[in-house]
Amino acid sequence: MSGSRNDWFPTPIWLFKVDNYEQLNQELLKAIYDEKKRDTPEESLRDRKGKQWSNILGWHSIDTLHQLTIFQSLSDIIYNNVIEVGTFLNWDLDKFKINISTCWAIINQKYAYNSIHNHPNSLLSGVYFLKTPLSCGGIYFSDPRPATQMIVPPVKDFNMWTLPKITYKPYEGMMLLFPSWLSHGVETNLSEEDRVCINFNLAMKPV
Ligand SMILES: [Fe+2]
């Protein structure tokens with residue numbers, strides 16, 4: 001006689017491959033590097049100064065990029081993917097709206113990384129990769145149940161029930177969506193080239 005098993009409280013991370021990402025990334029990269037150029041001490045007086053959050057050495061833009069026209073097509077892609085997620089989760093999308101609350105770019109040059117963090121006051125968060133040179137570092141997510149590390153028996157192989165963290169090797173055109181409470185970080189960029197991504201938070205709004 002064998003028992004049955006239910007896997008309650010799973011933690012989903014969604015991966016989307018964006019179609020025709022080459023042209024989109026080219027346009028977005030230009031906009032991001034232009035924004036970085038504008039991020040000067042004089043401009044900071046006009047509230048365009050980048051932010052410091054989880055980024056170590058890297059550059060973090062202002063967090064309102066979604067309000068710029070050039071980011072509209074990416075916003076549309078994000079919305080479509082979020083609807084797919086919400087539909088899977090059985091959200092009643094007649095009863096609330098989802099909007100992009102913040103959106104920012106990160107340029108990690110060599111040796112830059114992002115320490116482990118989560119995204120407070122948000123529903124879903126995501127990242128879209130624009131430039132991912134070899135050895136630019138993965139994005140990792142930690143098991144949100146730290147108590148599982150109280151006793152760790154030896155395993156022949158880790159699987160989704162025993163892994164303490166999961167790392168995604170990013171590629172250009174990859175978008176990840178995940179619950180905002182899920183702790184994550186970015187490994188050190190060991191490439192000579194920049195690693196560039198766009199990050200965003202989604203919030204709930206009443207209809
Ligand atoms: Fe993050």
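This is a predicted model: local features need pLDDT of at least 70, side-chain atom pairs count only at pLDDT 80 or more; totals for chains, interfaces and linings use all residues.
Me: Which residue in E8 is the bridge partner of serine 142?
Reply: Start with the strands: E7 and E8 (residues 165-168) run antiparallel, with 4 bridges joining them. Serine 142 belongs to E7, where it is buried. Its bridge partner in E8 is lysine 165.

Me: And what stands opposite tyrosine 140 in E10?
Reply: E7 also pairs with strand E10 (residues 184-186), in the antiparallel sense and over 3 bridges. Tyrosine 140 is one of the buried residues of E7. Opposite it in E10 stands glycine 185.

Me: Let's go to the metal. Which protein donors does the iron ion have, and how are they spaced along the chain?
Reply: The protein donors are His117, His119 and His184, each through NE2, and they lie 2.1 Å from the iron ion. Along the chain, the donors follow the spacing H-x1-H-x64-H.

Me: How many residues apart are histidine 117 and histidine 184?
Reply: Histidine 117 is in strand E5 (residues 113-117), while histidine 184 is in strand E10. The pair links distant parts of the chain, the two being 67 residues apart.

Me: Is histidine 184 buried or exposed?
Reply: Buried means under 20% relative accessible area. Histidine 117 has 15%, so it counts as buried. Histidine 184 has a relative accessible area of 3%, so the call here is buried.

Me: Is arginine 5 buried or exposed?
Reply: Arginine 5 meets aspartate 7 in a salt bridge, at 3.0 Å from N to O. Aspartate 7 has 37% relative accessibility and counts as partly exposed. Over 50% is the cut-off for exposed. Arginine 5 has 59%, so it counts as exposed.

Me: Last one: what relative accessibility does lysine 95 have?
Reply: The side chains of lysine 95 and aspartate 92 meet in a salt bridge, 3.1 Å from N to O. Aspartate 92 is partly exposed, with a relative accessible area of 36%. Lysine 95 counts as exposed, at 64%.

How values were computed
Residues are numbered from 1 along each chain as its sequence is written. Side-chain values use heavy atoms; hydrogens and water are left out. A salt bridge is a side-chain nitrogen of Lys or Arg within 4 Å of a carboxyl oxygen of Asp or Glu. Buried means under 20% relative accessible area, exposed over 50%, partly exposed in between (1.4 Å probe, protein chains only). Two strands pair if DSSP finds at least two bridges between them. Donors are N, O and S atoms within 2.8 Å of the metal (3.2 Å for Na, K and Ca); water is not among the atoms, so sites may look incomplete.
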